[in-house]
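Please look over the sequence and the model shown here, and then read the briefing that follows, which is grouped by topic.

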Amino acid sequence: MATIARIKEDAATILGILGEGETLPSYESNDMNNAYLEVFYQLQKLGLTTWGVTDAIPAEYAGSVAKLVADQRALNYQLPPEKYIRVKQEGWGADMDGFAVKRIRSLQTSSRMDTTRIENY
């Protein structure tokens, strides 16, 4: 399980605004928190959450959620063009086809398949 604080730190690291041993200033921490909430509610609207808004994030989702949070704020932090493109591709993508979204969808699909039982008579 990953805490929301960990997701925010991972997203800030992806964006390059948090270095090793540093802590986020309050403005950036609040901004990352708002980005997390936006991502959570978008995922919830798509039926892609298995946790509550204030709950810890399951470990298998954590990396993807951090990438989506970074993507959510990629415009706010002046990234070099190549890094901006990479963050967008790894996050939501151009048409909800980014790596993180695909990963979360695949986790949802496999968890649904695990709970579905088909019996043949």
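K67 has its place in helix α3, where helices are DSSP runs (H or I, at least four residues) numbered from the N terminus. This is a predicted model, in which local features need pLDDT of at least 70 and side-chain atom pairs count only at pLDDT 80 or more, while totals for chains, interfaces and linings use all residues. Residues are numbered from 1 along each chain as its sequence is written, and side-chain values use heavy atoms, with hydrogens and water left out.

**K67 and its surroundings**

- K67 counts as partly exposed because its relative accessibility is 30%, given that buried means under 20% relative accessible area, exposed over 50% and partly exposed in between (1.4 Å probe, protein chains only).
- Leaving aside neighbours within four places in sequence, K67 is in contact with I14, E90, G91 and A100, contact meaning heavy atoms within 4.5 Å.
- K67 and I7 are 60 residues apart in sequence, and their C-alpha atoms are 8.8 Å apart in space.

**Helix α3 by itself**

- Helix α3 has 14 residues and reaches 20 Å from its first C-alpha to its last, close to the 20 Å expected at 1.5 Å a residue, the expected span being 1.5 Å times one less than the number of residues.
- The buried residues of α3 are Y61, A62, S64, V65, A66, L68, V69, A70 and D71.

**α1 against α3**

- Helix α1 (residues 4-15) and helix α3 (residues 59-72) pack at an angle of about 55°, with their axes 8 Å apart; axes are lines fitted to C-alpha atoms, for helices over the stretch in contact, and angles run from 0 to 180 degrees between N-to-C directions.
- That angle makes α1 oblique to α3, since angles under 35 degrees count as roughly parallel, over 145 as roughly antiparallel, 65 to 115 as roughly perpendicular and the rest as oblique.
- On the α1 side I7, D10, A11, I14 and L15 take part, and they meet A62, V65, A66, K67, V69 and A70 in α3.
- By class, this contact of α1 with α3 has nine nonpolar, no polar and two charged residues, where Ala, Val, Leu, Ile, Met, Phe, Trp, Tyr, Cys and Pro count as nonpolar, Asp, Glu, Lys and Arg as charged, and the others, Gly among them, as polar.

**α2 and its packing**

- Helix α2 (residues 26-45) has 20 residues and reaches 28 Å from its first C-alpha to its last, close to the 28 Å expected at 1.5 Å a residue.
- Just after α2, G47 takes a positive phi of about 75°.
- α2 and α3 pack at an angle of about 115°, with their axes 9 Å apart, which makes α2 roughly perpendicular to α3.
- M32, A35, Y36, E38, V39, Q42 and L43 in α2 meet V65, L68, V69 and Q72 in α3, and the residues of this contact divide into eight nonpolar, two polar and one charged.
- The axes of α1 and α2 come within 10 Å and cross at roughly 105°, which makes α1 roughly perpendicular to α2.

**I104 in α5**

- I104 lies in helix α5 (residues 99-115) and counts as buried because its relative accessibility is 0%.
- Leaving aside neighbours within four places in sequence, I104 is in contact with L43, L48, Y61, S64, V65 and L68.
- I104 and P58 are 46 residues apart along the chain, and their C-alpha atoms are separated by 11 Å.

Note on methods:
Helices (H or I, at least four residues) and strands (E, at least two) are DSSP runs, numbered from the N terminus.
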